[in-house]
Amino acid sequence: MDFVTMNILESSMVSLCKEMGIVLMKTSYSTIFNEALDFTCGLADMNGDMIAVADYCPAQIGGMPLLVKSCLKEIPIDEIEEGDVILHNDPYRGGLHTPEHTFFKPIFVDGEIMGFAVAIGHIAEVGGMAPGGFCGEATEIFQEGLRIPPVKIKKRGKDNIEVWKLLLANVRTPRVNYGDLRALIAAVDLGEKQMTQIYKKYGKEKIKETVNDLLLYSERRMRAELEAIPDGIYAFSDTIESDGIDAERTYTVAVEVHKRGGEIIVDYHGSSPQASGPINATLGVATSAAYNAVLHMTDPTIPRNSGCFRPIRVMAPPGTIVNVDFPAPEVGGNTETHPRIVGTILGAMAPAIPNRVMAAEGATHCNFVFGGVDADTGEYFACYDLEAVGWGGRAFADGNDGVDSINGNCRITPVEVYETRFPWRIESLAFNVDAGGAGEFRGGVGYSKQMLCLNDEIICSQMTDRHLLAPWGLNGGTEGGVGATLVMKNGREDWQTMREAYGKASTSRYSNVSIRRGDRVRLVTPGGGGYGEPAKRDPAAVAEDVREGYVSKAAAQKHYGYQEA
Amino acid sequence: MKFSLNGLYIESYTKCANCGVLIYEASAEDSARKKVHDGSIYCSQECVDWKLDRDARRAKAAV
């Protein structure tokens, strides 16, 4: 194993993946790409194994190998030609959820296919029953947008016009979608071009050998990490409060983590049957979430590639909320159920490795989506807006305040951009006081965003969670604060839930609410649970929290015995 | 997973009853590995064994 060459090659490939992401960010049209960075770029070998990836969206990083391998089962490698670009988003054949579009382009060197450049991105508007792709009341996949099996969107370097026409005829914002799809293609174009140069620089055989070594190296390091964790079967479960259809019914995410030497098996048997509403996760999500959890518990310097996933196996029973069967809805599985799975695995492993886990985080991306015809331009707009939450306290630090949930790694869209692109005025955006669970290390806080509607009508939908069931604390820490979505209709002075204002079944999952000019919407995001006994918290940290406004004096007195100096 | 004769659409999805992976009817590798146990389809003998172990462990825990 030539470590020097391996390190140089690994750094070069990761750097290339980052560059692919920058191209995507800079050339895309939607805020979900150019502000939130809800995408991932990577490189795969000819078997579909991920050989390098940039640190963008963890949900897509863990999902990439299954995605590419699934596509290659349908489009054999000998049918892929130089200049082809393959597109796919089908949740039932390796995909994550309908908005997640995967593009990959073969890398040919001297007429031989060596691997693929891959870009996965969340397209903000995908058709279906609600603008913005998150139909909180969907009961089947057909309401969630256009499903795309693996198809060639480019053939031998030329656009496959029929595919383009089909795609763009089925969405509300074809001009913007066209720009975003082009941005994803630009990313894989760059990946293919630069990786071809890397192959030419080092030679095909040297790269094959070195990549093989790299994957083995990651695998060995991951196995070494896992071997240091005590063997055992660790179980935990958590509850999802509703599926948007039956507001009274809850759903269980159950895990048994089998830790045996240098491998880990995550068994989801015991999880609830799949829901009628769109909280179901796909197999790709269940797999990606297990990888994500393990990556969070192990050495972050292990190179991210399929090698480090080899010691991890997943058992996701079909027909459950962790492995949805056709044609049940699934859009919230990738955003809501994924972080819930990760939290459940971290909760299971808490007795074994208390210093490497955290209390529950907000575990939602809030997924407030909307669309309408802009009164100024006459053009249809649509937005997938994600918001941040509080993370759980840890054994050595407070939880992060206002950070995207654990599988997103996305940024929130700046107020100025939001107001420029969409007919809302953001009247306030502020952290929630007392929203972090108390503990030796308190949970991070979520925030509240209050928006005034400036358009005649904006059609809004949402797919979020934690309005009723708070994020749990760990080892004596208390629960974090719950979230909420409230509306104040023009002319009224009281805030109402979506259930109260529009008769929706759920406060957190609903579709196609008509918000009118002068109406206000307030999004409250959940906080994280606390870690450790509150009585053990450093009094100086309590005083600082009070001074900075994270904790009220009353709460500080209640949880920590705070006395004002 | 079974495609229609013309290959244009999926007629049925077949998943391993234990680990949930798709089992492709057209895949020689998948066909060679798959097992049928108690009327359910599994991707491999390893998944049948895992299922039996889990059932035994949970039955013992229930007692």
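Select Lys208(A) and Glu205(A): both sit in helix α6 (residues 204–227) of chain A, three residues apart, about one turn of the helix. Helices here are DSSP runs of H or I with at least four residues, strands are runs of E with at least two, and both are numbered from the N terminus.

The model is predicted, so local features need pLDDT of at least 70 and side-chain atom pairs count only at pLDDT 80 or more, while totals for chains, interfaces and linings use all residues. Residues are numbered from 1 along each chain as its sequence is written, chains are lettered from A and ligands numbered from 1 in the order in which they are written, and side-chain values use heavy atoms, without hydrogens and water.

The side chains of Lys208(A) and Glu205(A) form a salt bridge at 3.8 Å, N to O (a side-chain nitrogen of Lys or Arg within 4 Å of a carboxyl oxygen of Asp or Glu). Lys208(A) is partly exposed at 37% relative accessibility, and Glu205(A) is exposed at 54% (buried is under 20% relative accessible area, exposed over 50%, partly exposed in between, with a 1.4 Å probe and protein chains only).

Next, select Asp325(A) and Lys15(B), a salt bridge at 2.9 Å, N to O. This pair crosses between chains, from the loop between β11 (312–315) and α9 (337–349) of chain A to the loop between β2 (10–12) and α1 (28–33) of chain B. Asp325(A) is partly exposed at 27%; Lys15(B) is buried at 15%.

Then go to Arg93(A) and Glu74(A), bridged at 2.8 Å, N to O. Glu74(A) belongs to helix α3 (residues 58–74), and Arg93(A) to the loop between β3 (85–88) and β4 (100–109), 19 residues apart. Arg93(A) is buried, at 8%.

Finally, select Asp238(A), Arg340(A), Asp465(A), Arg466(A) and Arg509(A), which are linked in a network of salt bridges. Over all chains the count is 44 salt bridges.
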